[in-house]
Amino acid sequence: MSSINLTLKIWRQPNSDALGAFETYALDGIHTDMSFLEMLDVLNEKLTKEQKDPVAFDHDCREGICGMCGAVVNGVAHGPEKEVTLCQLHMRHFQSGDVLVIEPFRSRAYPIKRDLLVDRSALDRIIQAGGYVSVNTGGTPDGNSMPIPSQQAELAMDAAACIGCGACVASCPNGAAMLFTSAKISQLALLPQGQVERKKRAIAMVSKMDEEGFGNCTNARECEAVCPKGISIRNIARMNKEYYMAMLTEG
């Protein structure tokens, strides 16, 4: 097991009303098998021993599943490795002597709570607006009793892979949440269980997204580039189609 020495420039901000600034920390002897969050744990142990405030950051499962963790590392949400969450980013991808600039996800819809912690509850409210099936669609069907073309099932599964981390918003120059919202709309629009509320869902979720202050897509594709689950912007085209068709017939 090898180790590396790093210089960390981390955004520190005590609360949402205070002014923030970067603070610099030297961290030696970081094992390359550590994850990025374990590296931050080591820093926090060091700061605690020095009777300084540890760095606040979000985390939960640390298995790339829950979508809780997230920060911008050297200008890239979730760091330099493609389709990897921050908790699954390992220190072997960095070199000894590297300088890492670590910032919170920045967006008008993500107010900073403290240090690297941001309030992403706006995404929860988009889900609450319609990202579910509320009608009775029957019990669990027998295998193959509800045939779905395999390509359509694959597309629904690809959209369902979204973990709601919000990196797409932080990377978009317009602060758009269209990749997130479109993945949730697509997942249900492609399955039989989502058909009853399909039009109502598209109108409600898009309207809520706009109400929360997110921007619009201009095909920069930065969201797709940083998504740790490889969600395609083709879902945005599907969401726009779902929304306009719903507005023409229901709106």
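Biologist: What lines the second largest cavity in this model?

Modeller: In this predicted model, the lining consists of Cys168, Cys172, Ala176, Met178, Leu179, Cys217, Thr218, Ala220, Arg221, Glu222, Cys223 and Ile236. Two elements, H5 and helix H7 (222–226), each give two or more residues to this lining.

Biologist: How do you know which class each lining residue of the second largest cavity belongs to?

Modeller: Cys, Ala, Met, Leu and Ile count as nonpolar, whereas Arg and Glu count as charged. The lining of the second largest cavity therefore divides into 9 nonpolar, 1 polar and 2 charged residues. Arg221 and Glu222 are in that lining, so they are its charged members.

Biologist: What makes this space a cavity rather than a pocket?

Modeller: A 1.4 Å probe fits at the points of a cavity but cannot get out, whereas a pocket is an open set. The structure holds 2 cavities of 30 Å³ or more.

Biologist: Which residues lie nearest the centre of the largest cavity?

Modeller: Cys162, Cys165, Cys168, Cys227 and Pro228 do, out of 14 lining residues. Helix H4 (167–171) and H5 are the elements that give two or more residues to this lining. By class, the lining has 11 nonpolar, 2 polar and 1 charged residues.

Biologist: Why is Thr32 called buried?

Modeller: The cut-off for buried is under 20% relative accessible area. Thr32 has 10%, so the term applies. Thr32 is found in the loop between strand S2 (21–31) and helix H1 (36–49).

Biologist: What does Thr32 touch, leaving out residues up to four places away in sequence?

Modeller: Thr32 touches Ser2, Ser3, Ile4, His90, Met91 and Arg92. Contact requires heavy atoms within 4.5 Å.

Biologist: How do you know that the span of helix H6 is close to what is expected?

Modeller: The expected span is 1.5 Å times one less than the number of residues. H6 (residues 198–211) has 14 residues, and the expected value is 20 Å. From its first C-alpha to its last, H6 reaches 20 Å, so the span is close to expectation. H6 is followed by Gly213, whose phi is positive, near 95 degrees.

Biologist: Which residues of H6 are buried, and what do they pack against?

Modeller: Arg201, Ala202, Ile203, Met205, Val206, Lys208 and Met209 are the buried residues of H6. Their packing partners are helix H2 (121–128), helix H5 (178–189) and helix H8 (234–249).

Key: Residues are numbered from 1 along each chain as its sequence is written. This is a predicted model: local features need pLDDT of at least 70, side-chain atom pairs count only at pLDDT 80 or more; totals for chains, interfaces and linings use all residues. Side-chain values use heavy atoms; hydrogens and water are left out. Helices (H or I, at least four residues) and strands (E, at least two) are DSSP runs, numbered from the N terminus. Buried means under 20% relative accessible area, exposed over 50%, partly exposed in between (1.4 Å probe, protein chains only). On a 1 Å grid over the protein atoms alone, a cavity is a set of points where a 1.4 Å probe fits but cannot get out, and a pocket is an open set with protein on both sides within 12 Å along at least five of seven lines; lining residues have an atom within 4 Å of a point. Grid points are joined across faces, edges and corners, and a volume is the space filled by probe spheres set on the points.
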